[in-house]
2 protein chains.
Amino acid sequence: MAPLKQCIRMMDEGIARVSQVLVQLPAAEATLSRLMLIVSRRMEEDLELQLKPHRLNHSEFLTMMFLYSRPDGSSTPGELCEFAAQGATNMTRIANALVKRGLITRAACREDRRRVVIRITAAGRRLVLKMLPPLFPRVDAMFGDFSETDQRHLARLLRKLAANLDQLSEHTPS
Amino acid sequence: MAPLKQCIRMMDEGIARVSQVLVQLPAAEATLSRLMLIVSRRMEEDLELQLKPHRLNHSEFLTMMFLYSRPDGSSTPGELCEFAAQGATNMTRIANALVKRGLITRAACREDRRRVVIRITAAGRRLVLKMLPPLFPRVDAMFGDFSETDQRHLARLLRKLAANLDQLSEHTPS
DNA sequence: ATCTTTTACTTCATCAGTGAAATATGAAGT
DNA sequence: ACTTCATATTTCACTGATGAAGTAAAAGAT
C-alpha cells in the first residue's frame, strides 16, 4: 500500500498545475474534495482488512452494527437499505448471507405482512462483541493526536459538509 | 437517495446506545470515522453521477486527471496504480477502456521494455477540458458556507488524519 | 555467462454491487 | 370490490474490482 502522503503530494502538485491552465478551477475546494475521498478510501480499506478475518464485508458489518445498536435488535430490509445506503437487491443478498451464518433471522411481520423483520441472533451479538474491541485501538490511533477541539471541529465541518451535500442532492433529483 | 442528515442521526443514536453497553468504545472517534465514511461515500456517488454522461467512472476519471496534470501528459501503469490506489489488474482494464476510446495511448518504453508508457491524447485533453468546468459549481456548493478558516482547518485535519493512517499501515504490513 | 530474483504488466476466473424488470403479497383509498 | 401503492424477493445482465497465476524483461548473484 502506497503511503497517502505521497499520493496527496501528487494531488497537490497536479491541482497546482491544472489550475495554472484552468484558472476558474476552485483549487481549495477541489483539494478538500480529493482529500476527503483519498483519506476515507484508505479508512475503508483499513476497516475491510480488519473485518476480513470475521468473513464480513463493510455492508454486512454495517448491517450487523445497525441491528446490534437497535433497542430490540431488529429492523426491516427497507430501513437497512436507507441506513447502509444499499440497493434492495444487495440488501437481500446480504441478509441471505447473514441468515446462512446464523447471525440474523428473517421473519414475516405480524402487523404488516408485506414487511420482513430482520433480527440479530445471540450468535450475532456475540460476534459483534468479539470483533468490536480489537477495532478500538486502530480508531484511537487514527485520532490519537487530535485535541478535543480538533475533534469537535472535524465533526462540525463534516456535519456541515453533509448538510451541503443534502442540499445538492435535493436540487439534483436524479 | 436518503438524506445524509437522517442517516447521520441514526448513526449518532446507534453509537450512543452501543456505548452504554460497551463502555470502552471510543465514541467520539468512532463517530468521526463513520462521518468520514458516510460523507465521502455520498461525495463519491455524486461525482460518479456527474461522470456518467461522459461514460467515465471514478477510476478512469482519476487516471485522466492525473495524466492531464502531468507536464508531459504521460505516466506508467505502475505510477497510476499508486496514485489511484488501484490494483495493477484494474489499471490494465482501465487503460484498455481508455485506449479503446482514443483518450490515451499505450506504448512500450524504450529504456525499460517491461514498462508501458501511457499518454493522454488530444481527444483526452479535450474531454477533460469539457467535463471539468461543469463540476466546479457543485464543488463550490459543497464548501460554499465554509469560511477561509473552516477550509484551512478541514484541510489540516484531513492531512493529519492521513498521516496517522500512514503510521497505522506501516505497523500493519499486510 | 548463466542462474535467480525482482519488477512490470497481463490474463483469467471470480466476487461484490447495481439496475431493471417480473413476481408476490398486503395495505390503503375510493 | 377495485384500483393503486408499498414492501420485499428473485432473476438477469452488467459493471467494477480483486487475487492468483502467467509472461516478459531487467537487475543482481555466483
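Which strands of chain B does H3(B) lie across, and at about what angle does H3(B) run to E3(B)? In this predicted model, H3(B) lies across E1, E2 and E3 of chain B and runs at about 85° to E3(B).

**The sheet of chain B**

These strands form an open sheet of 3 strands in the order E1-E3-E2, with antiparallel pairing. Strand E1 (74–75) and strand E2 (104–108) of chain B are at the edges; each has a single partner strand, so one side of each is left without a neighbour in the sheet. E2(B) pairs with strand E3 (residues 116–120) of chain B in the antiparallel sense, over 5 bridges. B:Arg106 has B:Ile118, in E3(B), as its bridge partner.

**The interface between chain B and chain A**

The two chains meet through 81 residues of chain B in contact with 81 residues of chain A. Between them, chain B and chain A bury about 7700 Å², and 68% of this lies on carbon and sulfur atoms.

| Link between chain B and chain A | Count |
|---|---|
| Salt bridges | 8 salt bridges |
| Polar contacts (both residues at pLDDT 80 or more) | 28 residue pairs |

In one salt bridge, B:Arg159 is joined to A:Asp12, with the closest N and O atoms 2.8 Å apart. Several helices of chain B each supply at least two residues of the side that touches chain A, among them helix H1 (4–21), helix H3 (58–69) and helix H8 (148–170). H2(B) gives the most to that side, with 18 residues. The residues of the side of chain B that touches chain A comprise 47 nonpolar, 16 polar and 18 charged.

How values were computed. Residues numbered from 1 in each chain as written. Chains lettered and ligands numbered in written order. Predicted model: local features only at pLDDT ≥ 70, side-chain atom pairs only at ≥ 80, totals over all residues. Heavy atoms only, no water. Contact = heavy atoms within 4.5 Å. Buried area = accessible area lost by both parts, 1.4 Å probe. Salt bridge = Lys/Arg side-chain N within 4 Å of Asp/Glu carboxyl O. Polar contact = N/O pair within 3.5 Å; in protein donor to acceptor, adjacent residues only side chain to side chain. Helix = DSSP H or I, 4+ residues; strand = E, 2+ residues; numbered from the N terminus. Nonpolar A, V, L, I, M, F, W, Y, C, P; charged D, E, K, R; others polar. Pairing = 2+ DSSP bridges. Axes fitted to C-alpha atoms, helices over the stretch in contact; angles between N-to-C directions.
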